[in-house]
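I wanted to look up the aromatic rings in this one. My notes follow the structure.

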Amino acid sequence: MTDTHLTIRQADRAAQEVANDLLRRYFAEEGFALPAGPPAAGLAALLDDPRAAVLLATHTGTGAEIAGIATVTWTTSAAHGRLAEVAELYVRPDARRRGVATALLEAAIAWARDHGCTVCRLAVGPDGELSHGVAGFFAARGFDDDYRKVLVREVRGVSRSAQASPGEAAS
């Protein structure tokens, strides 16, 4: 069932607290172990980064209650040129099966297209697949499994200038 009273907007600093709460819920539900600081530090960086969007889905017919969040960024790759990635997509349990995730995903893809991206990727974690079957959700919306496995390594000793957003001077 699709909720016809749904709007998607890009988050700003005024929405940071509610966005941070949704991301904390997402990480807890998906079983992500996070280092100290995130998601607040990561969220602040996303809100300031011109290569990123934090999208919020709001139920306009029920007191403008925020139902979900998605984050999307773009980078450049040799294979695709500009490449977008949906890193987080979360819908509150009481708002699921009402078209919120689809609306957020479509808004993220539209944002990627508007920023010149030719491909949009995302990763499916084992908890999301086991508890929600998200691979099927994404496949039904045109995403293909390219049979890659995402490997992660923490980078230690990153300089402050390297942490600055594009076009942002480190202080």
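**Entry 1: the model.** I am working from a predicted model.

**Entry 2: ring pairs.** I looked up how many aromatic pairs there are. The count comes to four. I then took the pair Tyr26 and Tyr90. Their ring centres lie 6.2 Å apart, inside the 6.5 Å cut-off for a pair. Their planes stand at 65°, and over 60 counts as edge-to-face, so I logged the pair as edge-to-face. This pair links distant parts of the chain. Tyr26 belongs to helix 1 (residues 16-30), and Tyr90 to strand 4 (residues 81-91). The two are 64 residues apart.

**Entry 3: burial of that pair.** Are Tyr26 and Tyr90 buried or exposed? Tyr26 has a relative accessible area of 10%. Buried means under 20%, so Tyr26 is buried. Tyr90 comes out at 5%, so I put Tyr90 down as buried too.

**Entry 4: another pair.** I checked Phe138 and Phe143 next. They form an edge-to-face aromatic pair. The distance is 5.9 Å centre to centre, with 70° between the planes. Both of these Phe residues, Phe138 and Phe143, are buried.

**Entry 5: a cluster.** Which residues do ring pairs link into a cluster? I found Tyr26, Phe27 and Tyr90 in it.

**Entry 6: charges over a ring.** I turned to Trp74. Arg51 lies over the face of Trp74, 4.0 Å from the ring centre. Arg82 also has its charged end over the Trp74 ring, at 3.8 Å from the centre.

Definitions and conventions
Residues numbered from 1 in each chain as written. Predicted model: local features only at pLDDT ≥ 70, side-chain atom pairs only at ≥ 80, totals over all residues. Heavy atoms only, no water. Phe/Tyr/Trp six-rings, centres within 6.5 Å; stacked < 30°, edge-to-face > 60°. Helix = DSSP H or I, 4+ residues; strand = E, 2+ residues; numbered from the N terminus. Buried < 20%, exposed > 50% of the residue type's maximum accessible area, 1.4 Å probe, protein only. Lys NZ or Arg CZ within 6 Å of the ring centre and 35° of its normal.
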